[in-house]
Amino acid sequence: MNLTQLPDNPYLLLTPGPLSTSKGVKAAMLRDWCTWDNEYNDLVQVIRRKLVGLAGANHDDYTTVLMQGSGSFSVEAVVGSVVPADGKLVVLTNGAYGNRLAKMAQVLKIHTQVLDFGEVSPAEASKLQEILENDPQITHVAVVHCETTTGMLNPIDEVARVAKGAGKVLIVDAMSSFGGISIDVAGLGIDFLISSANKCIQGVPGFGFILAKTEELKKCKGQARSLSLDLYDQWETMEKHNGKWRYTSPTHVVRAFYQALAELEEEGGVEKRHVRYRENQRTLVEGMERLGFSTLLTKEWQSPIITSFYFPESPAFTFAAFYERLKKEGFVIYPGKISVADTFRIGNIGEVYPHDMKRLVQAVEQNIFW
């Protein structure tokens with residue numbers, strides 16, 4: 001099928017993933033693949049190598065593991081495989097995804113301490129420093145880079161400096177930031193970084209991936225708390241069998257992701273994509289503020305990934321009505337996710353450009369019903 005024959009989506013997904021994808025990515029899923037076929041597994045190996053390259057890491061020091069399921073499956077694979085039975089994990093959290101990571105650890109009966117900064121404040125490395133000084137039993141530190149509950153961008157460079165300075169294993173959930181914001185994985189000493197196919201690389205849902213220090217990953221042999229989510233076994237199988245997954249892989253999704261990586265390169269890489277996302281976010285915020293909306297976060301901590309806005313101060317406003325009106329105009333937005341304020345969220349990532357944000361602002365202006 002010619003790409004021009006593919007129908008347009010009826011609306012843009014202005015969400016933090018799944019997100020709007022290109023026609024090229026959609027078209028890549030029109031072919032069926034065999035999981036045993038060398039052509040397919042060669043594709044997997046290319047993806048694994050390219051992901052290490054995107055992290056700016058050395059292939060001698062870092063490796064990539066792909067894991068079936070949503071991003072949360074990959075997070076749980078890391079948490080359940082990396083922390084040993086006698087280990088202790090501290091989780092820095094300021095939103096739903098940090099809380100989810102901590103809950104995973106608790107469900108897996110991992111000795112866990114939660115360092116909660118509330119919903120609208122960034123993680124503080126100084127507080128981590130205090131805890132590490134007072135508790136030598138802590139072996140692992142986990143933090144979310146971009147907390148999409150609010151759009152908060154946590155200072156992982158500062159957290160990494162403290163965690164690695166204390167000799168701890170560092171886990172970074174970069175689910176909604178990797179590929180859209182440059183992260184010096186090796187420079188920061190990150191041991192395990194987790195992301196997903198359907199975020200800034202602009203693929204579709206179906207698998208996540210873990211960038212890991214190879215030597216740290218090797219230490220995980222035999223300590224996973226799950227068969228399906230055994231990070232070491234998944235990696236060992238891919239290494240020994242040229243990209244073969246242990247269990248059925250999402251072949252169409254993998255092929256779409258390969259196409260998405262090619263399109264990221266065509267755009268100019270992570271730095272160029274970051275520029276576009278920042279411009280999307282700037283265009284959106286300037287337009288919404290002109291209409292009287294206010295952002296939840298200050299610019300200092302606002303990521304270019306997703307933006308939270310306060311509800312208008314009118315009893316006539318309802319998110320449900322606002323959502324339906326914008327959907328009819330061709331835009332799908334996100335409800336808020338915090339408890340301290342009434343908010344809604346608008347994603348700035350995906351196959352979305354500044355002119356789309358201008359159209360959205362126009363649609364909002366034409367649908368101020370309150």
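Predicted model: local features only at pLDDT ≥ 70, side-chain atom pairs only at ≥ 80, totals over all residues.

Tutor: Start with N242. N242 sits in the loop between helix 9 (231-240) and helix 10. Its backbone stands out too. N242 is not a glycine, yet its phi is positive, about 55 degrees.

Now follow the chain into helix 10, residues 251-267. Helix 11 covers residues 269-290. The axes of these two helices come within 7 Å and cross at roughly 80 degrees. Helix 10 and helix 11 are therefore roughly perpendicular to each other, since 65 to 115 degrees counts as roughly perpendicular. Which residues in helix 10 and helix 11 meet? On the helix 10 side they are E263, L264, E265 and E267. On the helix 11 side they are G269, V270, K272, R273 and R276. Sort the residues of this contact and you get 2 nonpolar, 1 polar and 6 charged.

Stay with helix 11 for a moment. It has 22 residues, which should span 32 Å at 1.5 Å a residue. Its end C-alpha atoms are 32 Å apart, so the two values agree. After helix 11 comes G292, with a positive phi near 100 degrees. Further on, K299 lies in the loop between helix 11 and strand 11 (306-310). K299 is exposed, because its relative accessible area is 77% and exposed means over 50%. M152 is 147 residues away from K299 in sequence. In space, their C-alpha atoms are 9.7 Å apart.

Take L128. Leaving aside neighbours within four places in sequence, L128 is in contact with V90, L92, L115, V141, V159, V162 and A163.

V75 takes us to helix 3, where V75 is one of the buried residues. Helix 3 runs over residues 71-82. Its 12 residues reach 16 Å from the first C-alpha to the last, close to the 16 Å expected at 1.5 Å a residue. Is helix 3 mostly covered or mostly open? It is mostly covered, with 9 of its 12 residues buried. The buried ones are G71, S74, V75, A77, V78, V79, G80, S81 and V82.

Q202 lies between strand 9 (192-196) and strand 10 (207-213). Like N242, Q202 is not a glycine but has a positive phi. For Q202 the value is about 70 degrees. Is Q202 buried or exposed? Q202 is buried, because its relative accessible area is 3% and buried means under 20%. The other loop, between strand 1 (12-13) and helix 1 (23-27), holds P18. G17 and P18 are joined by a cis peptide bond, with omega about 5 degrees.

Notes. Residues numbered from 1 in each chain as written. Heavy atoms only, no water. Axes fitted to C-alpha atoms, helices over the stretch in contact; angles between N-to-C directions. Helix = DSSP H or I, 4+ residues; strand = E, 2+ residues; numbered from the N terminus. Parallel < 35°, antiparallel > 145°, perpendicular 65-115°, else oblique. Contact = heavy atoms within 4.5 Å. Nonpolar A, V, L, I, M, F, W, Y, C, P; charged D, E, K, R; others polar. Expected span 1.5 Å × (residues − 1). Buried < 20%, exposed > 50% of the residue type's maximum accessible area, 1.4 Å probe, protein only.
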